[in-house]
Amino acid sequence: MLAASKVESKLDYELTTDNSNSLRMVYFFWLLIASLANVMVYLSYKGDNAEYYSSLNTVVGLIILLGHFVYRTLSKQTNWLAPDILYLLAYFLFHYSSITLQLFGIADDVDIDYLSLERFPQVLFIVNLGLIGFVVGYELFCNRVAKRITKRIPGNGWGVFGIVLMVVALIIHIVYMLIVGIDTFVREGYTVSSKMHYFVEEARFWRLHFHLFTMGFAVYIIAVALKHGRIFKGRLGISLCVLFLLLLIMEGGRSQIVTLILVLILVRHYLIKPIGFKYLVVIFLGCIFLFNSIKIVRNLTAYDVDLMKNELIYAYGQGEAHWYDSFREMGGSVRTIDMTLGLLEVQPYWYGKGYVISIVHIIPFLQGLLNDYLGPSPGQWLTYTLFGYGAAGTGFSIVGEGYLNFGYPGAFLQMFIIGWFLKWLYKSTTENLSPAKMLVFVVGLGIIMIAVRNDSNIIISPLVKVAVLAWFLNFLFGSEEITLDSVNVDEKDMLITEG
């Protein structure tokens, strides 16, 4: 069975919970109290003292996050990379981080640029409502199971296919670099990478090649991990990965870097050996430093290493760079909710139109054909309405989309469904492990996390396409089933043990 035994010894595929029923009851009772506090704070707001009530609702949200974290850690062994922990980390970064810096006086100069401070208690009520919906949806799908577990070892074609995709993506990247010219990258910096359509007539392949590399990388390392018990086999895979990461760092592509690092960490954690909390903290802090540094130089230049180095030395030496800069930058998704509330004062709710747009997007080119009837996605609608066609970069909020469609019930239900789906995906993948399911889990989790600052338009269609690709690879290259002994181990969302 190749190196399957190496992987078997590091994984338990039992999805149960060692949180006793009484502990779960305490948790849900506490969550009910926190939910009531969220409602009471919002209803107590009468239009005065907006900053005070905003701070109160921020505290309520942070308490809910902290309570869920404590509940998760009350076990013998905690999975620090469980989907709920990762998702809530992203949710915190994009919705709470800036206002938390302000709340504790860490960065009073945070420029969140709200349209209306008077609406902000309502904004935070919606954010908290979505948070509650997510944890309720996730926790309700936490039933105890004990069944026979299987896993599948991928055929040889999986790894080869992954390598081919990475090579094709790199070729596309290099071709565009030659067309635009290195001197243009050096002069314009991140503008070239983020707005390639300004520099070439056909930029679709440029946008596509990032997804190609990510998919190829995920397929390759999952196949190697399941077959050989390690991340890379040979020098080709690691060389392609390092080269692409260096290109992204030089060009300032932070979102793409996050995606690749997340895929790498998840595969290492779930299929080879769990990563301890201390190491995860070091990785997180290292990424924050890297992203802060990229932010300083990416609009200045690309590939001019000397200029980058001098700018970094100056910025850090003069105190112009701070450890919290990335948190301040990421926390602006609440701003888009505020903007949405402002527009909904003069426009009607969407009543599900946003989800129709997302579903239509599954079929290539259909969304474009129906654009005159359906209109743009929520993120595009917000940007075009406020800043005009051609503008970009406003982003959106996943909980804001729920509110845009159906008000407060929509905000709660959308996040409830996401929480439920993530737990279902988690259970389905780990109970009967296969390269196809692991591919959907790893890439899908990354997609859903990134969509925290966007809308379902970047969730539904990509997820379906990943699932189709996984089915196609399994059909084309196959996988060999291994039946593991049935286990009945209490597990508090911890799928991985040291054996």
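Reply: For the residue classes, Ala, Val, Leu, Ile, Met, Phe, Trp, Tyr, Cys and Pro count as nonpolar, Asp, Glu, Lys and Arg as charged, and the others, Gly among them, as polar. The model is predicted, with local features needing pLDDT of at least 70 and side-chain atom pairs pLDDT 80 or more, while totals for chains, interfaces and linings use all residues. Residues are numbered from 1 along each chain as its sequence is written, and side-chain values use heavy atoms, without hydrogens and water.

Me: How many charged residues are in the lining of the second largest pocket?
Reply: The lining of the second largest pocket has 13 nonpolar and three polar residues, and the number of charged residues is none.

Me: Which helix gives the most to that lining?
Reply: Helices are DSSP runs (H or I, at least four residues) numbered from the N terminus. Ten residues of the lining of the second largest pocket come from the helix that gives the most, helix 21.

Me: How is helix 12 oriented relative to helix 13?
Reply: The axes, lines fitted to C-alpha atoms over the stretch in contact (heavy atoms within 4.5 Å), come within 11 Å for helix 12 (residues 254-272) and helix 13 (residues 277-297) and cross at roughly 165 degrees. Because angles between N-to-C directions, which run from 0 to 180 degrees, count as roughly antiparallel when over 145, helix 12 is to helix 13 roughly antiparallel.

Me: How many nonpolar residues are in the contact of helix 12 with helix 13?
Reply: Helix 12 contributes R254, I257, V258, I261 and I265 to the contact, and helix 13 contributes residues including L280, I283 and K295. By class, the contact of helix 12 with helix 13 has two charged residues and no polar ones, and the nonpolar residues number ten.

Key. Helix = DSSP H or I, 4+ residues; strand = E, 2+ residues; numbered from the N terminus. Parallel < 35°, antiparallel > 145°, perpendicular 65-115°, else oblique.
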